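Good morning, and thank you for the time on the agenda. Please look at the structure on the screen while I go through the charged pairs, the sheets and the cores.

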Amino acid sequence: MKKLLLFLIVSLPMMVFSQVEGNIEDDFNNMFQVLEDEMTIHEEGAFTLRFADAEDDKPVQNATITINNIGTFTTNAEGLVRFPVQEDGKYQFSFKKEGYIPADMTFEIVAGMIYFNRFSVSKMMDLGQIRIVLDWSNNPSDLDLHLEKVGQYHIAYHHKRVADDRSARLDRDDVDGNGPETITITDVDDNATYNCYVHDFSNRNNPDSKKLSKSKARISVYHNNRLEFYLDVPTNKEEGTRWDAFQLDKSLFKKLNRIAN
């Protein structure tokens with residue numbers, strides 16, 4: 001009860017002044033989870049990893065999480081696992097659940113805290129399809145995932161949610177932090193060029209902002225029912241509101257991973 005009261009005292013003023021577009025209930029849940037995970041470190045000596053579906057952000061339960069040299073765990077109804085506090089460093093783990101694409105990922109512990117502990121995972125897709133998933137922290141509140149098929153279409157919340165030929169769609173938009181924001185290409189044109197980037201919509205009027213580089217953003221790319229690769233936003237405090245993530249040119253992925261305006 002004391003933990004909940006402290007959370008309400010600290011967070012309610014912040015929610016009142018949150019951006020108008022945001023969903024207050026989602027803001028509350030996200031902030032409560034952050035507090036809960038931090039308190040679990042101090043009260044139980046345990047770290048937390050959280051797993052959600054990339055298309056609807058619902059918890060993924062009964063998944064098997066194997067953390068190298070630590071152990072194997074099963075996600076509960078909240079889509080989370082907890083394990084004993086570890087030393088600072090990078091840790092590899094695997095995610096497995098029937099109906100979902102298996103994935104090998106990493107998390108990092110910095111100064112006794114997990115740098116980012118939320119992971120969006122993808123259901124199985126038809127072979128050849130591509131799913132792009134953006135996760136980030138609660139600040140900035142609104143990052144937008146963009147996909148351009150050069151000379152054909154531009155998928156993003158403020159442009160077009162579904163391509164005219166229905167070969168690509170924005171599955172989920174998020175405006176209150178953490179994500180996921182997800183785009184799926186259901187019919188990939190092997191002769192086309194695609195550009196994928198992220199725009200910091202929250203700071204669109206401040207080109208000198210460094211908040212994008214501090215957002216802990218990660219793009220995961222699923223292809224042919226495997227995790228093709230993931231990219232973490234450059235963290236050297238670069239100025240800019242656009243993160244050029246990758247290009248898909250005639251079926252070949254080219255990682256760009258640079259911040260600009």
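By salt bridge I mean a side-chain nitrogen of Lys or Arg within 4 Å of a carboxyl oxygen of Asp or Glu. E228 is partly exposed, with a relative accessible area of 26%, and R226, at 48%, is partly exposed as well. Here buried stands for under 20% relative accessible area, exposed for over 50%, and partly exposed for the range in between, computed with a 1.4 Å probe on protein chains only.

A word on the basis of these values. This is a predicted model, in which local features need pLDDT of at least 70 and side-chain atom pairs count only at pLDDT 80 or more, while totals for chains, interfaces and linings use all residues. Residues are numbered from 1 along each chain as its sequence is written, and side-chain values use heavy atoms, with hydrogens and water left out.

How many salt bridges does the structure hold? There are 13. As a general point, side chains of opposite charge can pair when their charged atoms come close. In one of these salt bridges, the side chains of D53 and K123 meet at 2.4 Å, N to O. This pair links distant parts of the chain, 70 residues apart: D53 belongs to strand β1, and K123 to the loop between β8 and β9 (130–135). D53 is buried, at 2% relative accessibility, whereas K123 is partly exposed, at 32%.

Another salt bridge joins the side chains of E55 and R169, at 3.9 Å, N to O. Again the pair links distant parts of the chain, 114 residues apart, with E55 in the loop between β1 and β2 (64–67) and R169 in strand β12. E55 is partly exposed, at 26%, and so is R169, at 29%. E55 and R169 also belong to a network of salt bridges that includes R131 and D171.

Next, R172, which is found in strand β12 (residues 168–172). Strands are DSSP runs of E with at least two residues, helices are runs of H or I with at least four, and both are numbered from the N terminus. Is R172 buried or exposed? It is buried, because its relative accessible area is 15%. A polar atom of the R172 side chain lies 2.8 Å from the backbone oxygen of P180. Leaving aside residues up to four places away in sequence, R172 touches A54, E55, D56, D57, G179, P180, E181 and T182; contact means heavy atoms within 4.5 Å.

I turn to strand β1 (residues 46–53). Eight of its eight residues are buried. A46, T48, R50 and A52 point one way, and F47, L49, F51 and D53 the other way. In general, side chains in a regular strand alternate between the two faces of the sheet. With strand β4 (residues 80–84), β1 pairs in the antiparallel sense over five bridges, and T48 stands opposite R82. Pairing requires that DSSP finds at least two bridges between two strands. β1 and strand β8 (residues 118–121) run parallel and are joined by four bridges, with F51 opposite F119.

There is also an open sheet of five strands, in the order β11-β10-β14-β17-β18, with antiparallel pairing. Its edge strands, β11 (153–155) and β18 (252–260), each pair on one side only. Within this sheet, β10 (residues 143–149) and β14 (residues 193–200) pair over seven bridges, and the bridge partner of E148 in β14 is N195.

Finally, the cores. A nonpolar core is a set of buried Ala, Val, Leu, Ile, Met, Phe, Trp, Tyr and Cys residues joined through side-chain atoms within 4.5 Å. Which residues have the most contacts inside the largest one? They are L134, L147, I219, W243 and F246, in a core of 31 residues. Strand β17 (residues 242–249) supplies its largest share, four residues. Apart from this core lies another, of 28 residues, among them V81, F83, Y100 and I109. Beyond residues up to four places away in sequence, L134 touches residues including L143, L145, V198, I219 and W243.

Conventions:
Polar contact = N/O pair within 3.5 Å; in protein donor to acceptor, adjacent residues only side chain to side chain.
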